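User: I want to learn how to read salt bridges in a protein model. Can you walk me through it?
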Amino acid sequence: MSTVPEVQVMAIALDALHGTPVLLIQERGGANRILPVALDLPEAVAIESELEGRHSPRPATHELVGLIVDALGRRIDHVDLDAPQDGGLEAELVLDQDTRFPARVSDAVAVALHDGVPIRASDDLLDIAEALDLTIVVPGGAEATDAAPEPESDPETGAPPITEAEIAQFSAELDERT
C-alpha cells in the first residue's frame with residue numbers, strides 16, 4: 001500500500017441506475033476525493049445503523065468482532081482500504097502490533113464505525129475514485145461535485161436522478177429491516 005490518507009463515511013445513497021445501496025466515502029482534507037462502494041442491503045443496514053447510533057440488544061456481527069478482539073486483550077487500530085493489482089476493492093482490519101486481517105470493505109467499515117477507529121484509503125484507490133467523475137446531489141439542493149453538474153437523466157438509460165422521496169423510501173426500508 002502506498003500512502004494512506006484518512007477517509008470518512010459520508011452517507012449511504014441509492015444508485016439511481018440500479019436501485020442498490022452505495023456507501024460514499026470521502027477523503028479528509030487533500031483533494032476530498034469521493035469513493036463509492038456498492039453494498040448489499042444487509043451491509044447497508046449495518047452501516048446505516050452505526051451512522052445513526054442504533055443498536056439491537058444482541059450484537060451484530062461487526063459488533064461481535066470488536067467484542068472478541070477486546071476479550072483477547074487486543075484493540076483495533078484502524079482499517080485500510082486498497083485496490084489490488086487484479087482490480088476490485090479490499091480491506092484490512094489492522095490491530096495493535098500491526099496484526100492484519102483481510103475483510104470485506106462493508107464489514108471493515110461497520111467495525112471501524114462501531115469502534116470509532118480511523119479508516120484509511122490508499123492514494124491509488126482514491127485516484128481511481130477521482131477518475132469516476134462522480135457528482136452527488138444531496139437532498140435539499142446542496143451539491144458536492146467532482147465533475148460537471150448531474151444531467152437531468154442518465155445519457156445511456158434515460159433513468160432520472162435519485163429523488164428525495166426515493167431516499168426517504170430507502171431510509172424507511174432500512175429502518176424496517178433493523
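User: Let me start with one residue. Is E52 buried, exposed or partly exposed?

Analyst: This is a predicted model, so keep that in mind. E52 is partly exposed, with a relative accessible area of 42%.

User: What can bring charged side chains together?

Analyst: Side chains of opposite charge can pair when their charged atoms come close. Here, E52 forms a salt bridge with R54, at 2.9 Å from N to O. R54 is partly exposed too, at 27% relative accessible area.

User: How many salt bridges does the structure hold?

Analyst: There are twelve.

User: Which parts of the chain does the pair of R74 and D96 link?

Analyst: First, the contact. The side chains of R74 and D96 meet in a salt bridge, 2.7 Å from N to O. This pair links distant parts of the chain, 22 residues apart. R74 sits in the loop between α2 and β4, while D96 sits in the loop between β5 and β6.

User: Is D96 buried or exposed?

Analyst: Check its relative accessible area. The value for D96 is 15%. Buried means under 20%, so D96 counts as buried. R74 has 24% and is partly exposed.

User: Which residue pairs with R100?

Analyst: E92 does, in a salt bridge of 2.7 Å from N to O. R100 is partly exposed at 34%. E92 is partly exposed at 23%.

User: Which residues are linked in a network of salt bridges?

Analyst: Look at E27, R33, D123 and D127. Salt bridges join these residues in a network.

Methods. Residues numbered from 1 in each chain as written. Predicted model: local features only at pLDDT ≥ 70, side-chain atom pairs only at ≥ 80, totals over all residues. Heavy atoms only, no water. Salt bridge = Lys/Arg side-chain N within 4 Å of Asp/Glu carboxyl O. Buried < 20%, exposed > 50% of the residue type's maximum accessible area, 1.4 Å probe, protein only. Helix = DSSP H or I, 4+ residues; strand = E, 2+ residues; numbered from the N terminus.
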